[in-house]
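Dear colleague,

Please find below the structure that I am handing over to you. My notes on strands, pockets and salt bridges follow it.

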Amino acid sequence: MLNHDLNSLPSNFRGTMDTRGIFQGKMQTFSAFVYNYPMQVFTGLMALLLALCLFFFYILHIRRRHVAEIQKAAYTDYWSELPNWRWFVDEIPELLKGQLAKSAAAGRCYVLRVDIESINQLSTSTRKAIIDEQLPRILKVLQTRLKLRATAVSGMAKMIMALGEMPVSGNEQPPMDSLVEQVSITLRGIIRQETAIELQAVNLKGGICRLEKAEELETAVHRAELAISEAYEAGRLVCVYDEKLEKQLARRQLIEAEMEQALQQREFEVWFQPKYDLNTHRTTGAEALVRWKSSKMGFMPPGEFINIFEENGFIIPLDNFVLEETCAMQERRRNEGKKTVPISVNQSRMHFLQDGYMLYMKKVRDTYNLRPGLVELELTETAFSFIDHPDRRDRAIRIISTLHRLGFQLSMDDFGSGYSSLELLNILPLDVMKIDRTLITGPESNERMRQILTASVELGQRLGMTVLCEGIENETQEEILKKCGCQYGQGYLYSKPMPMAEFEKFLDEHG
């Protein structure tokens, strides 16, 4: 009857009862096993726990090793396997807050950056081998002579960042002059040592910035970089970031902030310096120059901003402004029936690398209906510094040929001031040679200089070029040029640069 009653129950209920029965049976079996073999069960559990712990520690070890590898890669220079600038910026603050806290507060800590120009100029294929040998030697000398507290390599080992500590100097901040002298002596010693070992010129530059707070480390690193930029520009071995340099940089920032608006508001003015015949003293041409009458910075000659514009590319729109102002004046005077003379306009080397330059020059010619020869494009030797490659040389020749067809003349400015003048005369079909003023500023009795000057004038004339000498300041220089066969000149003896209105009046009187 019991079986009959069970069979009459629903199937799912019977299945549940069967499962529970099996489970209860298994539990009774496991309990009996634990009861009968307690040590074996305990040992098994301990082994399982140990295996889990070992696995956990293995994963932790792998993770730590992975983190260490990432940190090493982040803090190590690829080329030299030495600490890099990121390590310097991240780790040095702890040193400044700890061991060097008193020195930093007293202004005795400094950041030094050293550029290794010889490494910068190497090809990639040979750089690694030189770095492996040369860099450790340079670092060792720097650390020994200057007693540096930490060093790092930045930018594929072409520069060194270091933290130094100046000796105690009473209660006042130690002067930087003695440090600059010490760094200069050290760098000169390294240059002599490495030049002798490598049998090639090794050039170094140094930039220093005083460091007073750990929080200012990145700022000090940046300022040391600015100081070394000043060393390059000033031709010095070592420069210090000081108040003077800070003012220069602040002025540069202001110039760059104001330049575009100044061009829109016509704060730039085109001035002209006449060129003249040395024999008749009649005006035969002029050079267009730019001046900046800033509403915030006052009157500025080109020496204060041209180099900045060359670096940031603003020289292109500024050159275009001067060119178009000059062309507009030429067109206006011609329409008014007044005398016009050829006027030279400076052109940066960046124009030769600019896409669409020829189209722009054709547009200028057509817009102002320029007659051939009325505008002369004046280029310095540095404008042709990119033609060492055959393709670039061919491009320069094509550009000059096209400019000739458009009616523009080409002149070489500062002839004799560089090393490539003769090569350029051989390569490029130029029209005018402007002899640099350095050839006439020597002693009057310098016969050797006179011979060079005479030869330069004859060379230009034999090549069919108009020869002109700039920078004539007195009658003695003018007489020397006349005796050397030079016919045309430019300088303060005849006239200083003047605004457009004054120049037009001057041209009407002396043309």
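Two strands are said to pair if DSSP finds at least two bridges between them. Helices (H or I, at least four residues) and strands (E, at least two) are DSSP runs, numbered from the N terminus. Please note that this is a predicted model, in which local features need pLDDT of at least 70 and side-chain atom pairs count only at pLDDT 80 or more, while totals for chains, interfaces and linings use all residues. Residues are numbered from 1 along each chain as its sequence is written, and side-chain values use heavy atoms, with hydrogens and water left out.

Strand E6 covers residues 268–277. Nine of its 10 residues are buried (under 20% relative accessible area, with exposed meaning over 50% and partly exposed in between; 1.4 Å probe, protein chains only). E6 is therefore largely enclosed by the rest of the structure.

Which strands pair with E6? E6 and E7 form a hairpin with five residues between them. In the turn, His281 has a positive phi of about 60 degrees.

Strand E14 (residues 488–490) is also antiparallel to E6, with three bridges between them; here Tyr276 has Gly489 as its bridge partner. Strand E15 (residues 498–499) runs antiparallel to E6 as well and is joined to it by two bridges, with Met498 as the bridge partner of Phe272.

Pockets

Rolling a probe the size of a water molecule over the atoms shows where empty space is left. The search used a 1 Å grid over the protein atoms alone; a pocket is an open set of points where a 1.4 Å probe fits, with protein on both sides within 12 Å along at least five of seven lines, and lining residues have an atom within 4 Å of a point. Grid points are joined across faces, edges and corners, and a volume is the space filled by probe spheres set on the points.

The largest pocket holds about 930 Å³ of space. It is lined by 35 residues, of which Glu287, Leu289, Asn346, Glu378 and Asp413 are the closest to its centre. The elements that contribute two or more residues to this lining are E7, helix H11 (306–312), helix H12 (315–335), strand E9 (343–346), strand E10 (375–379) and strand E11 (409–415). E7 provides the largest share, five residues. By class, the lining of the largest pocket comprises 13 nonpolar, 11 polar and 11 charged residues; Ala, Val, Leu, Ile, Met, Phe, Trp, Tyr, Cys and Pro count as nonpolar, Asp, Glu, Lys and Arg as charged, and the others, Gly among them, as polar.

The second largest pocket has a volume of about 490 Å³. Its lining has 18 residues, and the closest to its centre are Glu230, Glu233, Gln248, Arg252 and Ile308. Helix H9 (217–234), helix H10 (243–264) and H11 each give at least two residues to this lining, and H10 gives the most, with six. Eight residues of the lining are nonpolar, four are polar and six are charged.

Salt bridges

How many salt bridges are there? The count comes to 23, where a salt bridge is a side-chain nitrogen of Lys or Arg within 4 Å of a carboxyl oxygen of Asp or Glu.

In helix H13 (residues 357–367), Lys362 and Asp366 lie four residues apart, about one turn of the helix. They form a salt bridge whose closest N and O atoms are 3.1 Å apart. Asp366 also meets Arg365 in a salt bridge, at 3.0 Å from N to O. Lys362 is partly exposed at 39% relative accessible area, as is Asp366 at 42%, and Arg365 counts as partly exposed at 22%.

Glu336 forms a salt bridge with Lys338, with 3.4 Å between the closest N and O atoms. Glu336 is partly exposed, with a relative accessible area of 44%, and Lys338 is partly exposed at 37%.

A buried glutamate

Glu258 is found in helix H10 and is buried, with a relative accessible area of 10%. Leaving aside neighbours within four places in sequence, Glu258 is in contact (heavy atoms within 4.5 Å) with Trp292, Lys296 and Met297.

With kind regards
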